[in-house]
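Please look over the sequence and the model below before reading on.

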Amino acid sequence: MPDVHSEGTAIRAAAPSQAAIARRGRQLGARRNLLALAFLLPALLYVLAVTFYPAVYALQVSFHDTAYFTMGKFVGLMHYIRFLSEAEGRNNILRSLMYMGASVTVALPLGLFLAVLLNKPIRFRIFFRGAIVVPWLISQIATALLWGWLVNPQYGPVPYLLVQLTGVRLEFLGNPSQAMATLVLANVWRSFPLPLLLFLAALQAVPQDMLDAAVVDGATGLRRFWYVIFPAIRHTALIAFILLTLHYFNMVTLPLVLTGGGPVGATDVMTLRIFREGFTFYRLGIASAVAMIVFLLNLVFSLVYVRALRAEPLY
Amino acid sequence: MKRTTAQAYNRAHASVAGGETTRRRFLLTSTWVLAGVGAGTIPRFAAQAAGKAKITYWTPLDPKSKNLRSEAETAMIDLFRNRHPDIEVEVQPIPWQNIGTQTIQSVMAGRGPDVVQFSTYDLPIQVEAKTTAPLNNFMSKSWLAANQGDFLLPWENTVYGGQTMGLYWNSLLGSSLWHRRDLLEKKGLKVPKTWEEIATIGASVQTPQVAGYLTGLSKSGNAVQLTNWLIPSMWAAGSEFLAKDGRAAFDNPEGARPLEWLADLVYKYKVTPPNIVSLTRDNVLDAFSAGTAAMVHCSSNIVSSARSSAVVGKVMGLADSPGPTAAKPAPALVIGKTIAMTRVAKEREAAWLFIEHMTGRGAQTINAKIAQEPPCRKSVLKDPWFQTPEAADLKVQIEYMIRYPHPFQYHPKNNILADMLAEGSQQVIANRRPALEVLQDVAKKWNATIGLA
């Protein structure tokens with residue numbers, strides 16, 4: 001008869017100890033981590049080269065005087081102080097916040113409103129859903145050229161029709177206060193499909209039984225939206241808000257081509273100032289300093305958003 | 001048998017794992033990739049192998065565009081190709097607003113074109129940025145003796161530190177008065193000769209769809225629409241633009257008169273809309289070509305664009321730019337685009353031959369005949385064609401340039417000054433700030449910018 005006890009002892013003696021198992025586990029884990037790092041390394045190096053290195057270099061340039069694209073002597077915080085102390089610099093910051101704020105204020109509710117409409121079982125819904133996204137496919141340059149032509153006071157159709165139909169003559173890009181509104185309008189026209197698509201996807205995930213229950217309880221359309229639908233899509237709204245604010249704050253092409261920052265600096269946002277200082281005046285030092293300020297503001301926005309997202313419970 | 005079985009096994013295994021197929025696919029793919037890379041470099045190698053030099057030429061005129069200026073330059077380049085079959089020219093169009101910046105960026109990166117056609121204000125910037133190569137070594141004493149005096153514009157304008165850094169590609173009249181002959185004749189009016197007459201005639205001919213006078217104060221394109229008119233107007237009013245050391249010389253009552261007149265056109269005579277604060281040169285050209293402006297100031301290099309308009313082409317007239325009094329018109333702002341070799345040019349001999357050709361009599365005659373561009377050379381004007389009715393536009397402009405010349409060399413930081421002047425002019429019109437106050441602010445900022453505060 002086999003000696004089970006002895007065999008068990010032998011087996012137990014041959015089996016590795018808990019410590020050995022743990023050590024082996026750590027070794028395997030480390031090997032897996034190394035393998036993962038090896039696979040990630042090329043992409044990581046690429047990201048570092050394309051984003052991190054230029055940012056660090058721009059920071060370095062911002063502390064130096066420059067002549068065309070050559071770095072000169074160290075000037076410390078001179079460019080930063082100059083930008084923030086001049087009226088023009090403060091105007092740039094104000095215009096950026098105005099542009100971002102006004103665009104988000106219009107684009108977000110518009111996207112939500114149209115998403116609610118497109119979520120209903122209307123005829124030709126598929127066609128409308130496709131057609132309404134078309135502006136998003138148009139580049140910023142094409143949008144700027146198109147709107148520049150549309151509202152041109154000398155030969156554009158919009159001012160002409162406005163005068164013919166209402167007798168009102170608007171200057172659009174030729175008036176400082178109207179220029180920002182026109183720029184915001186062009187921007188919203190191009191970018192509202194983004195929040196629309198996000199909201200549309202979120203609306204389709206709203207539980208139907210909750211909506212049915214609300215109907216049974218006698219809730220009107222508005223109440224159903226406010227107490228059932230909106231809480232369900234609140235998280236999406238926050239994400240759309242974050243994406244749009246960062247997108248608008250960093251936008252340069254549309255303002256550059258449509259208004260050039262004018263008239264009289266009415267649409268002179270920070271990104272335009274960076275472009276002008278760097279590529280028209282060849283003053284890379286101050287351009288880099290303004291770029292760093294934009295970067296810092298983006299960082300602040302992002303931190304606020306991350307905290308808001310963390311605090312926001314998923315429905 | 002065993003080997004067959006083994007081979008069959010390997011094939012099956014490989015086809016399951018994708019081994020053999022992947023290897024073949026990899027070889028095929030890499031062959032195609034290499035072929036593609038080779039295709040990109042083959043023309044240069046082929047050209048070099050065939051003993052051809054290859055040069056890259058950056059120009060704002062797209063050879064594929066269907067306009068007279070592009071056609072003219074294409075004909076000029078084709079003539080060069082016929083004369084120099086051993087030199088291949090690759091033409092790359094770059095928008096005129098960006099050609100200066102892109103040249104600096106590319107040359108600084110060690111790569112760039114061999115030859116560039118620069119806008120009127122670009123050469124001093126390029127020289128300061130050290131992107132251009134001197135041409136002195138290519139110009140023998142006999143060449144200079146035969147050619148130096150033949151240029152319409154001052155030779156020394158393209159000489160920096162004793163080195164010629166470019167040649168004029170054309171002569172350009174910065175500003176003349178374009179007008180609608182039909183609208184003036186309908187009212188029995190003559191072409192205005194003074195600023196006051198522009199205002200009164202503009203008021204007579206304007207309609208709700210047609211502005212009496214139009215211009216543009218946008219910063220875009222180095223604010224050329226503004227500065228091409230403002231600089232000679234300041235001279236006409238009795239002020240200089242810049243002193244010899246670059247300091248602002250326009251911050252005086254005479255210098256302010258042109259902007260005061262412009263503000264009067266908008267608010268007193270109401271012949272010019274206030275939205276000129278946002279108009280660019282291209283907007284003004286388009287408006288005139290569309291028939292929505294009765295009078296504009298524009299430059300000679302775009303006359304052919306307006307002439308090709310179906311609306312105004314046949315009824316457009318050109319005249320000297322009026323001054324404050326009828327005694328004489330405003331001085332002619334005589335400038336020119338330049339053609340230069342970059343310091344990264346590989347085939348310098350070929351690049352020089354190209355520059356010499358494009359500024360030579362043959363090419364300049366082609367440019368004048370097709371694009372109606374005033375030539376850079378005096379000898380070209382002796383061609384009998386310039387006495388024909390076809391050359392009427394050129395004759396008006398060239399005579400203006402010759403009778404009332406005021407050649408001008410841009411400051412290397414002109415782009416900054418133009419931006420300040422555009423912003424200031426917009427304030428005069430949009431915010432109704434006094435012109436003298438605005439110009440004094442601009443002068444202070446400008447002098448500080450160039451270290452002469």
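Which residues of β3(B) are buried on one side, and which on the other? This is a predicted model, in which local features need pLDDT of at least 70 and side-chain atom pairs count only at pLDDT 80 or more, while totals for chains, interfaces and linings use all residues. Residues are numbered from 1 along each chain as its sequence is written, and chains are lettered from A and ligands numbered from 1 in the order in which they are written.

Strand β3(B) is covered on both faces, with B:Val115 and B:Gln117 buried on one side and B:Val116 and B:Phe118 buried on the other. Here a residue is buried if 20 or more other C-beta atoms lie within 10 Å of its own, exposed if 12 or fewer, and partly exposed in between, the C-beta atoms being placed from the backbone. As a general rule, the side chains of a regular strand alternate between the two faces of the sheet. Strands (E, at least two residues) and helices (H or I, at least four) are DSSP runs numbered from the N terminus.

The sheet to which β3(B) belongs is open and has five strands, in the order β2-β1-β3-β12-β6 of chain B, with mixed pairing; two strands pair if DSSP finds at least two bridges between them. At its edges are β2 (87–93) and β6 (167–168) of chain B, each of which pairs on one side only. Strand β1(B), residues 53–59, runs parallel to β2(B) over seven bridges, and B:Ile55 has B:Val89 as its bridge partner there. Helix α4(B) packs on this sheet, touching β1 and β3 (115–118) of chain B, and its direction makes about 150° with that of β3(B); such angles run from 0 to 180 degrees between N-to-C directions, with axes fitted as lines to C-alpha atoms, for helices over the stretch in contact.

On one side, β3(B) pairs with β1(B) in the parallel sense over two bridges, where B:Tyr57 stands opposite B:Val115. Strand β3(B) is also joined by four bridges to β12 (residues 338–341) of chain B, and these two run antiparallel; in β12(B), the bridge partner of B:Val115 is B:Met341.

A further open sheet of chain B has three strands in the order β9-β8-β10, with antiparallel pairing. Because β9 and β10 (316–319) of chain B each have a single partner strand, they stand at the edges, and one side of each is left without a neighbour in the sheet. Strand β8(B), residues 176–180, is joined to β9(B) by four bridges in the antiparallel sense, and B:Trp178 has B:Val296 as its bridge partner in β9(B). Helix α8 (residues 195–205) of chain B has several buried residues, among them B:Trp195, B:Ile198 and B:Val205, and its buried residues pack against α7 (181–186), α10 (253–267) and β9 (295–298) of chain B.

B:Lys270, in the loop between α10 and α11 of chain B, has a positive phi of about 55° although it is not a glycine; B:Lys270 is partly exposed, with 16 other C-beta atoms within 10 Å. B:Gln372, in the loop between α14 (361–371) and α15 (392–403) of chain B, likewise has a positive phi, near 60°, in a residue other than glycine, but B:Gln372 counts as buried, with 23 C-beta neighbours inside 10 Å.

Chain B as a whole has 17 helices and 13 strands, and 49% of its 453 residues count as buried. Its contact with chain A takes 25 residues from chain B and 22 residues from chain A, two residues being in contact if their C-beta atoms, placed from the backbone, lie within 7 Å. On the chain B side, the elements that give two or more residues are α4 (99–108), α11 (281–289) and α16 (414–430), and the largest share, six residues, comes from α16(B).

In chain A, the domain assignment, which is automatic or taken from a database, gives domain 1 (4–62) and domain 2 (86–311). The C-alpha centres of these two domains lie 44 Å apart, and five residues of domain 1 are in contact with seven residues of domain 2.
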